[in-house]
Structure formats: C-alpha cells, structure tokens
Amino acid sequence: MDHVLPRAPLLRRLPPLGWTALLGCAVGGFTALMFSTLPLRISPHLLPYRLASVPPPVWLGVSVLLALPLTLSRQRPALTLALLLAETAAASVLTIATWPSLVAAAVLVGYLAATRTRRAGLLGAAAAIAVATTERAVSWAADPPGSMEFSDVLSEASLYALAVAVMWLAGNAVARNREYAAAVQDHATARAVVAERLRIARELHDMVAHSVGIIAIQAGAARRVIDVQPGDAREALGAIETTSRETLAGMRRMLVALRQADPGDTGPAAPGLADLDRLAETARGGGVRVELERCGEPRPLPAEIELAAYRIVQESLTNVVRHAASPGCRVTVTYAPGELVVEVADNGRAAEAVVPGYGITGMRERVHLLDGEFSAGPRPEGGFRVAARLPA
C-alpha cells in the first residue's frame with residue numbers, strides 16, 4: 001500500500017520568502033497604523049524645550065522603528081511581545097496612542113499560546129493585561145479631574161483583558177488540537193505496527209509449522225525404512241526436499257513483500273485455492289489421506305480471501321498430521337453466493353477441552369480481520385472440525 005502523507009497546514013507550507021512577505025505586510029500595516037495615530041507634537045510637559053511641530057518624515061521613521069520588532073515574531077514571539085509592551089509603556093509616558101501596540105500584543109499572545117508552552121502563553125497574557133491595566137490607570141491619574149470616570153477605565157481594562165483571554169484560548173485550542181492529532185497519529189502508527197507484526201507472525205507460523213511438521217514425519221519414516229525399503233526412503237527424502245523448497249520460497253516471498261520500495265512490485269504470487277491440491281498431496285506424504293471437495297461454481301476471489309482460505313486449510317492439515325492421529329480428513333471448499341465456506345474435519349481422537357494455540361488463534365484472527373465467522377472444536381461423532389465463513 002502506498003502511504004501518502006497528508007498536506008501540511010498552509011502556514012507550514014509557506015516558503016521562507018512567503019514568511020518574509022507576510023511579516024513585511026505586518027510591519028507595513030503596523031507602521032501605517034502608528035503613523036496615523038501618533039501626534040505631531042510632543043507634550044511640552046515632558047519636554048520643556050518647546051520643540052516645534054515634528055515633521056511627518058521624522059514620525060514616519062519613528063513608526064517604522066516601532067514596527068520593526070514584528071520581524072522577530074516568528075522566531076522569538078516572547079521577545080517581540082516584551083518589546084511591544086515596552087513600547088506601550090513608553091508611549092503612555094509620552095502621551096502617545098497606545099492601542100495599536102496593545103492590539104498587536106494581544107494577537108501575539110494567541111501566537112505564543114499556539115506555538116509555545118502553556119506556561120509561556122499564560123505569562124504573556126498576564127503581562128499584556130498588566131501593562132494595559134497600568135497604562136489605563138496612569139492615564140486616568142494624569143488626566144484632569146472629571147475628564148474620565150474610573151468606571152470607564154475599568155471597562156476599557158476589562159474589555160482588553162477579555163480580548164487577550166479570547167486570543168489565548170484560540171491559540172491554546174490550536175495547540176491542543178495539534179497535540180491531539182499527533183497523539184492520534186502515534187496511536188494509529190503503533191496499532192499498524194502491532195497489526196503488521198501479528199500478520200508476519202501468522203504467516204511465519206502457518207508456513208513453518210506446517211512444513212516442519214511434514215518434514216519431521218517424512219524424516220522419521222525415511223529413517224525407519226532406509227535399510228529395508230530404500231525406495232520408500234528415497235520418496236520421503238524427495239518430499240522433504242520439495243517441502244523445504246516451498247517453505248523457502250514462501251519466506252522469500254514474504255521478505256520481498258516486506259522490503260519492496262515500489263507498491264507495484266508484488267513479487268511472487270501468494271498461494272491460493274488453486275494450490276490446495278498440492279497442499280493435500282503434501283499432507284498425504286505425511287501419512288494422512290486427504291479428500292478435497294469443491295462445491296459450487298469456482299469464481300475469482302480477492303487475493304486476501306484466497307490466502308486466508310489456503311492458510312486455514314494448511315494449518316488445519318498441520319494439526320491433523322501432528323496431533324489428531326487420524327488416518328484421514330476431508331477438506332470442503334464451498335463457493336456460496338456472497339461468501340466462501342471452508343471446512344476441514346477429521347475422525348481422529350476427540351479432546352475433552354480445546355486449548356487454543358497459536359494456530360487456532362491465528363486462523364481466528366485471519367477470519368475476523370476479513371469480517372468472517374470462525375469455529376473450531378471437537379465433533380460429537382468424534383474427531384475435530386475447523387470451519388470458516390469468509391465474505392466474498
């Protein structure tokens with residue numbers, strides 16, 4: 001499967017030149033705002049030299065100087081916020097309009113909350129509210145009596161505090177959503193890794209357990225008859241060689257699938273229902289008569305369905321060869337409308353209780369992953385039965 005990463009958010013897709021242009025627009029807008037609100041005459045109470053009207057070019061330069069800290073807002077938002085609050089304090093002393101820098105500070109609090117720690121965002125919000133409240137209180141104390149009511153000061157400070165709180169909440173929500181998305185992605189990755197490990201474990205168990213079981217039985221038979229029946233021993237050794245080669249081919253196919261870089265390179269084809277005859281012949285070499293019966297009209301099925309059915313039959317035959325002590329078993333594959341039914345039944349010794357091992361657990365997992373039904377247990381008339389119903 002080709003894993004395609006989702007597109008990054010817009011701000012993360014901005015190239016360095018885009019960020020430069022964005023910050024340039026912010027500096028230009030802040031400069032225009034400051035230039036339009038600054039007075040063209042400094043208060044004579046603070047500068048006793050009675051300076052004449054300051055020329056507009058000088059105030060334009062001052063406005064640009066006050067806007068320059070915004071260029072640091074992406075890399076150093078905390079430092080930028082501190083400079084803006086210092087400008088606010090200085091503007092308050094010089095009786096210059098302070099609301100443009102306070103608006104920029106509120107926006108920067110939201111950026112801090114979104115990109116830095118929660119503590120940094122809270123400290124920034126508290127500092128902005130404290131400076132704005134102090135500035136309003138100082139202005140009220142310096143104004144002539146009766147020019148401004150104290151309730152107006154409280155109202156303005158409360159509104160600014162509310163604006164800063166809203167910006168902090170918005171930035172904090174962005175940060176929490178980002179953390180949640182990262183946690184969900186990590187959880188999904190961990191689940192995918194576990195699922196892949198289980199899939200590999202099932203494949204290895206099904207291939208190796210079946211093949212080793214057949215090889216062990218054939219090797220034992222060859223050892224017993226090698227002196228008296230060399231022909232039979234030769235056939236058993238041939239079956240061992242064939243089984244070993246098939247197992248190595250299956251493991252090679254799995255390694256190719258795990259290491260492939262191009263999703264189109266599928267490597268050797270996985271076994272399917274067409275390979276059941278060969279599988280039954282291998283089991284017969286292990287001393288078990290296998291009757292393979294196909295019911296219904298065969299039709300092409302998805303590769304995962306065919307592989308699951310093949311592995312279920314393979315594991316069931318392995319259990320018959322190794323545990324059932326049965327001379328024979330029947331494998332029935334039924335092509336029903338909308339489903340495939342696989343059943344393997346033997347007439348070996350019945351068990352009072354079944355303790356599921358890796359084989360039965362692996363078969364059940366395969367079927368459940370495909371939204372099918374699985375059952376395994378002793379038959380009332382004796383022997384053991386494995387049945388799987390796969391939607392197809």
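Analyst: Start with the terms: helices (H or I, at least four residues) and strands (E, at least two) are DSSP runs, numbered from the N terminus. Contact means heavy atoms within 4.5 Å. Axes are lines fitted to C-alpha atoms, for helices over the stretch in contact, with angles from 0 to 180 degrees between N-to-C directions. H11 lies across E4 and E5, at about 155 degrees to E4. This is a predicted model, where local features need pLDDT of at least 70, side-chain atom pairs count only at pLDDT 80 or more, and totals for chains, interfaces and linings use all residues. Residues are numbered from 1 along each chain as its sequence is written, and side-chain values use heavy atoms, leaving out hydrogens and water.

User: In what order do the five strands form the open sheet?

Analyst: Strands of a sheet pair through backbone hydrogen bonds, either parallel or antiparallel. Two strands count as paired if DSSP finds at least two bridges between them. Here the order is E1-E2-E3-E5-E4, with mixed pairing. E1 and E4 each have a single partner strand, so one side of each lacks a neighbour in the sheet.

User: Which way do E1 and E2 run, parallel or antiparallel?

Analyst: Parallel, joined by seven bridges; Cys295 stands opposite Thr334 in E2. E2 and E3 run antiparallel, with eight bridges, and Val333 faces Val342 in E3 across that pairing. Val342 also has a bridge partner in E5, Ala388.
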